[in-house]
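This report describes selected features of a two-chain model. Please keep the sequence and the structure in view while reading.

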Amino acid sequence: MIRNNSSLIRLKNAGFFRSGRWLVRGINLTVNSSEILTLIGPNGSGKSTTAKMAIGVSKPDEGTSYKRQGLKISYLPQRISIDWTLPIKVNRFINLTGRVSRKEANEALSLTGALHLENSDVKTLSGGEFQRVLMARAIACKPELIVLDEPVQGVDFKGEIAIYELIRNIRDELKCGVLLISHDLHVVMAATDRVICLNGHVCCSGTPMNVANSKEYKALFGARAVTGLALYEHGNDYQNFRDGSFQSKDQTGGAGRTSDDGHQPHIYKN
Amino acid sequence: MVLVALLMMGINPIFIKISFDTKELITMMDDFFTRALVAGTGVALVTGPLGCYVVWRRLAYFGDTLSHAGLLGVALALLFEVNTTLTVFAVSIFISMALLLLQSRVKLSSDALLGLLAHSALATGMVALSFMTWVRVDLMGFLFGDILAVTPFDIAIIWGGGAFVLLVLLISWHSIFSATVNIDIAQAEGMKPKQANIVLMLLMAVVIAISMKIVGVLLITSMLIFPAAIARRFATGPEQMALLAAIIGILVVFGGLFGSLHWDTPSGPSIVVAASVCFIITAIPATSIQMIKNASIEKLDSEQNEIIKK
């Protein structure tokens with residue numbers, strides 16, 4: 001597939017200015033097909049802002065954003081607030097922005113283990129149930145890019161691993177790009193191809209291993225990074241295996257990408 | 001079913017009258033009353049679905065503001081001797097634009113801004129009317145609606161404008177609805193929510209302009225809110241709720257107008273009173289119905305859980 005090699009979205013030196021300050025500045029990022037890119041960073045580091053700029057929800061005040069023409073995106077917000085007066089069941093919610101047949105919707109729901117919620121009202125779902133429904137919606141819509149904003153919030157540790165596994169399976173199945181936002185450090189590392197560490201600017205970026213071992217990352221997350229790292233090392237074999245299998249599978253498009261990572265600017269402002 | 005019963009209660013005495021009274025009443029029906037029913041039906045068909053959005057998006061106060069500004073539109077129409085509906089529409093658009101501008105410039109909550117706009121428009125309208133000593137205005141008619149004032153031309157405007165509104169709403173339903181559920185999803189997935197919001201605003205302005213004569217400036221919002229609120233009790237999906245709201249709106253208009261004919265009460269308030277009665281009747285068994293529903297859902301859930309465990 002020729003499409004696989006092209007980048008889906010790209011931010012070039014992008015910045016977002018609101019209420020007298022730059023929320024983020026100097027962001028460079030690219031998401032390619034069949035690639036999982038994770039944005040990590042502490043609260044208020046501009047992860048959601050960056051993601052919204054990248055998919056064209058908000059316009060950058062500086063720099064440029066590129067979105068491939070007619071790119072089919074599926075956006076999974078952290079949570080949504082629907083007025084009580086609006087009756088909307090899960091199967092209608094799956095059809096929110098595109099037509100999905102009932103069969104496809106049910107297949108997607110059973111993939112995420114949410115088939116029993118099919119006729120529940122969206123407002124009554126718990127955080128974890130809602131994430132499963134969102135994920136099912138993404139599968140059913142067959143997008144070329146999936147954007148997930150903290151998909152594991154309010155999900156227990158076991159569910160967390162399951163969700164990341166699911167994301168990886170969706171990527172393998174649909175060959176779509178994935179932009180993942182997380183403030184959580186270790187678990188997400190195992191499920192991602194590339195990591196960008198944000199704190200108002202790009203602190204460091206690269207493969208999960210590179211980022212986890214970098215000085216900037218440790219400085220940003222401090223003591224937590226050490227414990228996080230321990231856990232991360234714990235699952236290291238698995239991680240290496242995943243990485244290896246992925247790279248061998250995707251050597252054509254992957255080679256250029258890795259060198260690209262080296263060019264990511266390391267900006268220090270503080 | 002309750003609605004039908006209520007409607008029957010409203011209609012029955014009149015049917016009896018028709019069958020026993022002289023032809024006088026029938027000719028009267030031919031004249032203004034039929035026109036009022038036709039006009040009211042046209043209004044209800046539009047305010048039902050659009051009212052759902054007013055309720056879902058909490059736009060009630062916005063609707064109030066636009067309709068209060070309607071009086072300014074009336075004053076301007078009388079001053080320049082132009083069509084009232086068009087003037088009210090223009091003023092509604094102007095107020096919406098003013099709101100958007102103020103929201104980006106002034107650091108006040110939308111709530112307060114709407115209050116400012118509503119009352120300055122209403123007060124300006126009243127003051128302007130009082131200056132025009134040469135025009136005799138039936139202020140009550142504008143404030144509360146007047147079936148006597150409905151002309152065949154008004155009906156044409158209501159049905160024509162209403163058909164236009166419904167058509168636009170149908171075409172852009174998908175994008176307006178997705179923007180209502182979540183603006184970020186709608187934006188990211190290419191549904192153009194900003195345009196959808198502007199379309200919705202314009203539709204509101206049209207509806208307020210065309211329904212002013214039936215229910216009056218002060219009560220238009222009730223035609224938007226009541227049918228939707230009543231429909232919410234029974235609807236399980238958004239489209240179903242919109243359809244149900246239109247039907248309920250028609251029933252309420254019939255109930256109110258027949259009541260107003262029977263008891264010789266002003267048409268607008270009568271429609272609203274009929275709507276309130278409907279709302280109260282449908283709201284009373286809410287808790288008990290909900291309890292029964294919940295119990296059965298819990299039962300189903302536990303059964304399902306048992307099956308899963310097995």
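## Terms and model

Helices and strands are here DSSP runs, numbered from the N terminus; a helix has at least four residues and a strand at least two. The model is a predicted one.

## A leucine in a loop of chain A

A:L115 lies in the loop that separates α3 (102–111) from α4 (127–141) of chain A.

Apart from neighbours within four places in sequence, A:L115 is in contact with A:N106, A:L109 and A:S110. A:N91 is 24 residues away from A:L115 along the chain, and the C-alpha atoms of the two are separated by 9.8 Å.

## Helix α5 of chain A

Helix α5 of chain A comprises 18 residues, 157–174. From its first C-alpha to its last, α5(A) reaches 26 Å, close to the 26 Å expected at 1.5 Å a residue. Its buried residues are A:I163, A:Y164, A:L166, A:I167, A:I170, A:R171 and A:L174. These lie on the same side of α5(A), because they cover an arc of only 155° around the axis.

The other side of α5(A) carries the exposed residues A:F157, A:K158, A:E165, A:N169, A:D172 and A:E173. After α5(A) comes A:K175, which has a positive phi near 55°.

## A three-stranded sheet in chain A

Strands of a sheet pair through backbone hydrogen bonds, in either a parallel or an antiparallel manner. In chain A, three strands in the order β2-β1-β4 form an open sheet with antiparallel pairing. Its edge strands, β2 (21–32) and β4 (62–67) of chain A, each pair on one side only. From one strand to the next, the twist averages 15°.

Strand β1 (residues 7–18) of chain A is joined to β2(A) by eight bridges, and the two run antiparallel. A:L11 has A:L29 in β2(A) as its bridge partner. Helix α1 (residues 47–54) of chain A packs on this sheet and touches β1, β2 and β4 of chain A. The direction of α1(A) makes about 125° with that of β1(A).

## An enclosed strand in chain A

Why is strand β8 (residues 194–198) of chain A described as largely enclosed by the rest of the structure? The reason is that five of the five residues of β8(A) are buried. One side of β8(A) holds A:R194, A:I196 and A:L198, and the other holds A:V195 and A:C197.

Strand β3 (residues 36–40) of chain A runs parallel to β8(A), with four bridges joining them; A:I40 has A:C197 as its bridge partner. Four bridges also join β8(A) to strand β9 (residues 202–206) of chain A, here in an antiparallel arrangement. A:C197 stands opposite A:C204 in β9(A). Together β8(A) and β9(A) form a hairpin with three residues between them, and A:G200 in the turn has a positive phi of about 80°.

Chain B contains 14 helices and zero strands. Of its 310 residues, 44% count as buried. Among contacts in chain B with a separation of 6 or more, 72% come from residues 24 or more positions apart.

Contact between the chains involves 20 residues of chain B and 19 residues of chain A. On chain B, two or more residues each come from α2 (24–56), α8 (173–181), α9 (183–188) and α12 (238–263). The largest share, five residues, is that of α9(B). By class, this side of chain B has 10 nonpolar, six polar and four charged residues.

Note on methods
Residues are numbered from 1 along each chain as its sequence is written. Chains are lettered from A and ligands numbered from 1 in the order in which they are written. This is a predicted model: local features need pLDDT of at least 70, side-chain atom pairs count only at pLDDT 80 or more; totals for chains, interfaces and linings use all residues. The expected span of a helix is 1.5 Å times one less than its number of residues. A residue is buried if 20 or more other C-beta atoms lie within 10 Å of its own, exposed if 12 or fewer, and partly exposed in between; C-beta atoms are placed from the backbone. The arc is that of the directions from the helix axis to the C-beta atoms. Two residues are in contact if their C-beta atoms, placed from the backbone, lie within 7 Å. Ala, Val, Leu, Ile, Met, Phe, Trp, Tyr, Cys and Pro count as nonpolar, Asp, Glu, Lys and Arg as charged, and the others, Gly among them, as polar. Two strands pair if DSSP finds at least two bridges between them. Axes are lines fitted to C-alpha atoms, for helices over the stretch in contact, and angles run from 0 to 180 degrees between N-to-C directions.
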